[in-house]
Amino acid sequence: MKIEFTLNGCPIHFEAPADTSLLVALRDYLDMTGTKEGCGVGECGACSVLLDGKLVNSCLILAAQAHGRKVVTIEGIRGSDGEPNDLQQAFIDYGAVQCGFCIPGMVLAGEALLAHNPHPSRLEIRGAIAGNLCRCTGYMQIVDAIEATARRRGETRHA
Amino acid sequence: MAEFSYIRAGEVSEALALLNQPGYTSRPLAGSTDLILLLRNRPGWCDRVVDITLIPELHRITREGDIVTIGAAATFTEILSNPIIQATAPLLVQACATVGAVQIRNVATIGGNVANAAACADSLPALVCLDAVARVLVPTQAFSWPVAELVVKPNQTIIPPGGLLESLSYAVPAPGSRSYFNKLGRRKAMAISRLTVAVLGRVDEMGTIVETRIVTGSATPHICRLAEAEAVLVGHQPSQALFTAAGRTVADEMIRLSGRRWSTEFKEPAVMAMTAQALAQIFDAQEPEVA
C-alpha cells in the first residue's frame, strides 16, 4: 500500500506491504538506520521514535498507522548547525554513550520528556527512560545528561 | 505479500461497517501493541485490521452526573493524565500508570486492554473494582455488559465477531470512598503483572466500614469481586488484624478459584500481604477521597 507521512519535517511516500512495521519501514524502505531494532517486541525501546510528538516503539506500530502523521527519528534531532544538539552533546560530555545501540532511543525519550516536563526530577527522568534498556548499564550518566540539559535549557530560557 | 490489509476508520459507524463487511475477517486495531505481536505469531488470525485509534469520539472521557465514560481508544497516557479520572478513580490512574513504559502507554488503549483480555491486563482489576460497564456495538444494536461478565477468562470475551467495544463507564464511587491499586512485578517498568490487588472502600461517620470492593488480577481465571473477603470487612472498625483476615480470605478464594498451582506457594503469602497493605492504604486514609 502507499504510505505517506512527514519524516523529520520532510514529506515522504513509499510503497510497502500493509503488515510492515514502522521500524522496518524506516530502516529498510527509507534508509533511516539510526532507529535500532533490539528486541522487536516492545521491551527495549531501542526503536523509539516520536509519532505526532509522542514517544512510541516503532516495532509495535504499523507503518500504515503513521500515514498522514509526523514521525521524528534520531536523524531529525540535531542542532541548528547540523551538529549534535545540546542533549546529544550532553550525552557525549557526560560519558553516557558506551556501545551506543540504545542511545537513539534514549535521546528521543529524553526529548519527549523535556518537551512536556522542562524541569524533571531525577526520579521522573528515570521513569521517562524506564522503557529504554541499556545493555551496558550506563544509566546514571544518561540520567545526568538529561538532567544537565534540562538545567541548561532552563537557564537559557530565563537568561 | 502482506498477511493482512490495513484500513483506517474515521468514525464509529464506519468502523462498524468495515468490521462487518462481507469477504473480510476484520479485527479492530486499538493501539497495536498486543495486536501486532499476535498477528506476527498467528498469521491468518484475521485478514484485515480496522484502525480505530484516530476516531476522536473514542478518545473522549466525560462525566455526566455520576457516570464517567471512557472511550475505548483512550490511551493509558490520556487516562492517567485526565482530571475526571484522577478525581473519581485514583486506582484506575494507578493501574494505568503501571502499564509498560511511556512508549506503551502512549499507544496502548483501555479498550484494547479489555478486549484483548490478557490474564495480566492491569486495567481489568481496576475496572471490575469500579463495577465498570462495557458498551459494545454491533451493526443493529448496542449491548451494555459489566466488564466482569464481558471478560470470561484470559483472552476470551463475549464480544461477538464484528462487534466493537465503544466505551467503558463506571458510577462515581460514593463520597468518602478511597481506592488503591497494588501491583507486584519483577521491576517497576515494563514488568508483566505477577499479581495485582485493587481495592475500594469507605467508612461511615463512626469509622465503621460500610463498603469494600476487592478484586485481584493475575490470580484467578475470571476477574471478579471477591465477595467473601469483602464481607469480612463490612460492619467492622478497620484494624490490621481485620486487614490480615481479609487477606487470608482473598488467598483462600484465589486457591478455590484457581486451584493449587506451582506458583501458589509464592502467590498465597503475596496476595495476603498485598491485600492487607492495600486495605491499610485506604482505611488509614493514605489515599485521597474521590470527588
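This is a predicted model: local features need pLDDT of at least 70, side-chain atom pairs count only at pLDDT 80 or more; totals for chains, interfaces and linings use all residues.
The contact between the two chains draws 21 residues from chain B and 24 residues from chain A. Chain B itself is assigned three stretches, namely domain 1 (5-51), domain 2 (56-171) and domain 3 (178-283).

**Contact between the chains**
- Chain B contributes 21 residues to the contact, while chain A contributes 24 residues.
- On the side of chain B that touches chain A, the elements giving two or more residues are β1 (5-8), α2 (35-41) and α6 (102-105) of chain B.
- Of the elements on that side, α6(B) gives the most, with three residues.
- By residue type, the side of chain B that touches chain A divides into twelve nonpolar, six polar and three charged residues.

**Domains 1 and 2 of chain B**
- The centres of domain 1 and domain 2 of chain B, taken over C-alpha atoms, are separated by 19 Å.
- Where these two domains touch, eleven residues of domain 1 of chain B are in contact with 17 residues of domain 2 of chain B.
- Helix α1 (residues 12-19) of chain B supplies the largest share of the domain 1 side of this contact, with four residues.
- The residues on that domain 1 side divide into six nonpolar, four polar and one charged.

**The sheet of chain B**
- Three strands of chain B form an open sheet in the order β1-β3-β2, and their pairing is parallel.
- Because β1 and β2 (26-29) of chain B stand at the edges and each has a single partner strand, one side of each is left without a neighbour in the sheet.
- Neighbouring strands of this sheet are turned against each other by 30° on average, with direction ignored.
- β1(B) pairs with strand β3 (residues 48-51) of chain B in the parallel sense over four bridges, and S5(B) has R48(B) in β3(B) as its bridge partner.
- Helix α1(B) lies across β1, β2 and β3 of chain B and runs at about 145° to β2(B).

**Helix α2 of chain A**
- In helix α2 (residues 86-93) of chain A, the buried residues are L87(A), Q88(A), A90(A) and F91(A).
- Following α2(A) comes G95(A), whose phi is positive, near 65°.

Note on methods. Residues are numbered from 1 along each chain as its sequence is written. Chains are lettered from A and ligands numbered from 1 in the order in which they are written. A residue is buried if 20 or more other C-beta atoms lie within 10 Å of its own, exposed if 12 or fewer, and partly exposed in between; C-beta atoms are placed from the backbone. Two residues are in contact if their C-beta atoms, placed from the backbone, lie within 7 Å. Ala, Val, Leu, Ile, Met, Phe, Trp, Tyr, Cys and Pro count as nonpolar, Asp, Glu, Lys and Arg as charged, and the others, Gly among them, as polar. Domain bounds come from an automatic or database domain assignment. Two strands pair if DSSP finds at least two bridges between them. Axes are lines fitted to C-alpha atoms, for helices over the stretch in contact, and angles run from 0 to 180 degrees between N-to-C directions.
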